[in-house]
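This report covers nonpolar clusters, backbone angles and a few side-chain contacts in one protein model. The structure is shown first.

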Amino acid sequence: DKVKTYSRYAPSLMWTNPVGTLGKNTLSMDFSTRGDEVKQDPDDTRQERSFAKNRTFKASNRFKINPRLSWLRELEFITSYSQGYQENYKQFYQNLNPQPMATKDTIGIYEGFWIPGTYMAEDWVIGKPVTATANLNLVSLFNTGKISHRLGYGASYNFQNNGGRGVISDPERPRGSTRSTNSFDRPYNFTFTPDIHNVGIYVEDNMQVYLAGKPLNIVAGLRNDWQNGYSTLQPRVNMNYSITKKLQFNYAYGIA
């Protein structure tokens, strides 16, 4: 109809290649686009118009191998990169009373002014998000006495950034009444937002032992992340013990 027309495309490609007899490598590429046409209902007295444009490209690679080693049973290395463009626009005619306005964004006392209450308001945001990740996961199997262990450990890296133009607005044409919201619209460039770098390491031990002929499962894990210079330690433990088929005790604790 007049205000719900859009076109979307999402092609993807995946290629899996064996690595010897113990592993394989999978490469994936995805692209999606959304190109909404400018939509306006001629019968709308507010003259509302809107459109949305999105484009995203993502490439990822997964390498997994199962070495037949006593200390290493699984090795997985996953990388991905995505880059996008996002633009959302909306306009509508405001018909309000005259409003007081203050457009300064500095500290101090200054004189405001009045704007007419009838004008065309805009809601316009442009973003260019970029993300990149890398994850290394390893698994070892061993026993200590009667306890069997499945030890998982590894490291990760994540990057996020949005370098788009951000919020594009005219502070003298706010999207709502300044009296009711007690706020003003100001432009904001996303390039002022700092990049996010997150590095993490983890270890997780999945243990099983039999008590009175019943399985006791314990999963104990510890993870530490460093994000833009700040360190966060995150321990957790999960336990369950099956008394009968209909009775099981569970315990869990974690900090995130």
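Contact here means heavy atoms within 4.5 Å. The model is predicted. By that criterion, and leaving out residues up to four places away in sequence, Leu216 touches Met207, Gln208, Val209, Leu211, Met239, Asn240 and Tyr241.

**Nonpolar cores**

Leu216 is one of the 6 residues of the largest nonpolar core, together with Met207, Val209, Ile218, Val237 and Tyr241. Strands β13 (196-211), β14 (214-227) and β15 (230-244) each give two or more residues to this core. Apart from it lies another core, of 5 residues, including Met101, Ile115, Tyr119 and Ala121.

**Loops with positive phi**

The loop between β13 and β14 holds Ala212, and the loop between β14 and β15 holds Asn228. Ala212 has a positive phi, near 55°, although the residue is not glycine. Asn228, likewise a residue other than glycine, has a positive phi near 50°. Ala212 is classed as exposed because its relative accessible area of 76% is over the 50% cut-off. Asn228, at 40% relative accessibility, counts as partly exposed.

**Surface patch**

The largest share comes from β3, with 3 residues. Phe31 lies in this strand, β3. Its relative accessibility is 34%, so Phe31 counts as partly exposed, the class between under 20% for buried and over 50% for exposed.

**Thr144**

Thr144 is placed in strand β10, residues 129-144. What joins the side chains of Thr144 and His149? A polar contact of 2.6 Å links the two side chains. Thr144 and Met207 are separated by 63 residues in sequence, while their C-alpha atoms are 9.9 Å apart in space. Met207 is also a member of the largest nonpolar core. Thr144 itself is partly exposed, with a relative accessible area of 39%.

**Accessibility values**

The residues discussed above are listed here with their relative accessible areas.

| Residue | Relative accessible area | Class |
|---|---|---|
| Ala212 | 76% | exposed |
| Asn228 | 40% | partly exposed |
| Thr144 | 39% | partly exposed |
| Phe31 | 34% | partly exposed |

Technical notes
Residues numbered from 1 in each chain as written. Predicted model: local features only at pLDDT ≥ 70, side-chain atom pairs only at ≥ 80, totals over all residues. Heavy atoms only, no water. Helix = DSSP H or I, 4+ residues; strand = E, 2+ residues; numbered from the N terminus. Buried < 20%, exposed > 50% of the residue type's maximum accessible area, 1.4 Å probe, protein only. Core = buried A, V, L, I, M, F, W, Y, C linked by side-chain atoms within 4.5 Å. Polar contact = N/O pair within 3.5 Å; in protein donor to acceptor, adjacent residues only side chain to side chain.
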